[in-house]
Amino acid sequence: MNMIKNIYIPSPHIIIDIIKETEIESTYKFKIDKSTFKHPSYGQFYEVSLPMIGEAPISVSNFEDDYVDLTIRKVGTLTNAIHCLKKGDVVYLRGPYGNSFPVDLLTDRHLVIAAGGCGLSPVRSVINYFYKNIEKLSKFEVLMGFKTINDLLFKYDIEKWEQKFKSLITLDQSCELWQGKPVGLITDYVGQVDFSDKDNMSVIIVGPPIMIKFTAEKFIASGIKKENIIVSLERNMSCGVGKCGHCKIDSTYICCDGPIFTYDQAERLID
Amino acid sequence: MKKNITKEEFNKIFNLLSEYYNVYAPVKKKGDGAFSNTDIIYYEKVTNYDDIEWNEKSTYSPKDIIFPISQTIMNFTYDQVYVPDIKSIKPIYILMRPCDINGIKRLDEIFLRNGVEEDFYYKRLREKVFFALIECVDGFENCFCVSMNANKSSDWDFAISNNKHQSLISIEINEVKNSKIKNIFESLFSTNTTNNNSNNSNNSNNNDNFEIFYPEKNFKKVTLPNVEEMPSFIYTDSKLWDEYKERCIACGRCNTTCVTCSCFSTNDLHYDDNPNVGERRRVWASCHIPKFSLMAGGHDMRKDNASRMRFKTFHKIYDYKKRFGEEKNHMCVGCGRCDDNCPEYISFSTIINKLSARLISKEKI
């Protein structure tokens with residue numbers, strides 16, 4: 001029989017570092033050999049698995065030539081098991097899958113990124129890319145929303161970002177340590193964005209579906225065209241390669257046609 | 001090549017075929033149906049004419065031969081990963097009606113052409129499968145294959161008809177397809193003609209000049225929605241979908257009996273006697289059953305049975321064609337098994353007709 005490529009076979013990767021972000025989220029750093037394993041692009045995901053436990057799609061939260069970061073929230077069977085692992089343990093990956101944020105098309109534009117909660121994870125690589133290449137944008141603003149001070153992700157990155165561009169953090173619930181800082185939903189702070197050059201603005205919104213919807217509406221009301229708003233969607237996925245049907249909406253398969261869509265595409269996707 | 005043969009000759013062919021192939025055909029299981037004293041018909045390996053249920057529609061489609069209900073895709077032993085091989089599985093002949101042949105073509109589209117790469121597990125089984133046609137003349141109670149343009153297929157190596165001749169079985173060989181099968185039939189037919197040389201007159205009476213028929217009309221007809229883009233109101237239209245909130249009990253029978261339903265989930269497990277040994281399995285998934293669209297963390301995209309019914313309906317008669325192109329047919333082949341098996345007597349053909357009528361009436365307003 002002629003050889004058929006088996007896309008479902010994952011390859012083992014060693015955890016080289018674990019950064020505890022919050023009580024339930026940690027960033028796992030994996031050593032990646034570019035010559036044998038496909039490197040991700042901005043916003044793509046891997047199918048992450050542990051043999052005999054399960055498999056799930058996880059967004060790449062950052063990558064460099066020799067490593068990939070996956071920020072994983074403890075919410076299910078697999079992610080609970082991953083949270084029991086230590087440095088040096090092995091996790092299986094296959095991918096990367098999905099399309100990616102069109103960073104090249106954003107050159108010279110005024111980019112606004114609005115991220116809610118762990119939605120910051122899939123755009124972190126984009127923010128880091130423009131952190132390093134800030135001259136590629138005419139202006140860069142980042143809005144981040146978290147539930148409480150304990151849910152803040154990537155604090156070490158945010159400290160760096162704040163030096164170079166506007167990085168606004170708002171919390172749903174304030175606390176003593178947060179006094180005098182932004183409180184409320186991201187939508188409350190869309191008004192603070194600089195809308196002086198609307199036609200040259202691009203907006204990336206990532207977060208829970210309800211947050212994406214209302215934040216996008218705010219930006220649209222402020223005069224941003226739907227095709228200039230980019231969102232990243234998440235759905236239940238099993239295969240990641242357009243076969244299992246779980247992530248299908250209408251004629252679109254989120255795993256291979258997405259997860260990144262412009263808002264005019266995304267709003268037509270009715271689950 | 002066309003030939004009328006006796007049951008004994010048919011069984012001879014079967015014996016020859018069985019040397020090279022596993023032959024699957026619908027088999028009736030007396031008393032094994034869902035309710036007491038009801039039968040069930042599903043695809044099984046057969047070796048004899050009398051094994052086969054020729055007259056009734058099978059309860060289940062033959063899709064599980066290529067896309068098994070549960071399939072081990074990887075074996076794990078400590079840190080080793082093995083892919084189970086299927087070398088020992090013989091090539092397969094499936095005897096099926098035209099709607100099912102067309103249904104398997106729909107599965108091919110999803111598994112072999114959708115997404116970035118071909119599906120390894122589907123492809124390696126699919127490559128072993130050859131089609132034979134069971135002639136279907138009138139269809140059955142809930143069939144609407146004619147409306148779905150799935151009533152005909154020329155994609156078979158041989159076709160079998162029980163309708164041409166009272167005591168004989170008519171067989172047509174598609175000469176251009178599988179040469180091996182042609183040789184098997186030819187070897188039998190040539191010996192047959194020499195044996196029956198003296199009975200030439202008898203042979204001509206058999207009237208080898210027959211045609212294989214296909215259903216030309218069904219009792220049920222559906223009108224397909226004639227829209228390029230579904231208007232957004234139709235997704236939440238309460239007149240259309242609300243009744244299924246309660247009527248549909250999310251048993252998933254329509255999905256499991258459907259020849260074109262191709263969704264699956266991936267499950268891992270370890271064996272009880274050794275937690276370091278286990279497997280990863282692919283199992284059928286049903287879009288009607290809760291958790292199909294549930295994400296870890298509790299976010300569910302379709303929470304009620306009405307929106308699940310809408311999702312399935314659009315997949316079968318709208319968005320599959322939208323994705324794969326106008327020259328393709330809809331996903332649904334009109335086999336009617338969903339209607340045959342629904343315990344709540346929900347009729348899918350009625351849903352299609354209601355949807356189309358609703359689209360037309362709305363357009364008039």
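Me: In what order do the six strands of the open sheet of chain A run?
Reply: This is a predicted model, in which local features need pLDDT of at least 70 and side-chain atom pairs count only at pLDDT 80 or more, while totals for chains, interfaces and linings use all residues. Residues are numbered from 1 along each chain as its sequence is written, and chains are lettered from A and ligands numbered from 1 in the order in which they are written. Strands are DSSP runs (E, at least two residues; helices are H or I, at least four), numbered from the N terminus, and two of them pair if DSSP finds at least two bridges between them. With mixed pairing, the order in chain A is β9-β8-β7-β10-β11-β14.

Me: Which residue of β11(A) is the bridge partner of A:I205?
Reply: Strand β10 (residues 201-206) of chain A pairs with strand β11 (residues 229-232) of chain A in the parallel sense, over four bridges. In β11(A), the partner of A:I205 is A:V231.

Me: How many residues of domain 1 of chain A that touch domain 2 of chain A come from β4(A)?
Reply: An automatic or database domain assignment gives the bounds, with domain 1 at 11-96 and domain 2 at 103-266 of chain A. Counting residues as in contact if their C-beta atoms, placed from the backbone, lie within 7 Å, 17 residues of domain 1 of chain A meet 18 residues of domain 2 of chain A. On the domain 1 side, the largest share comes from β4(A), namely six residues.

Note on methods:
Two residues are in contact if their C-beta atoms, placed from the backbone, lie within 7 Å.
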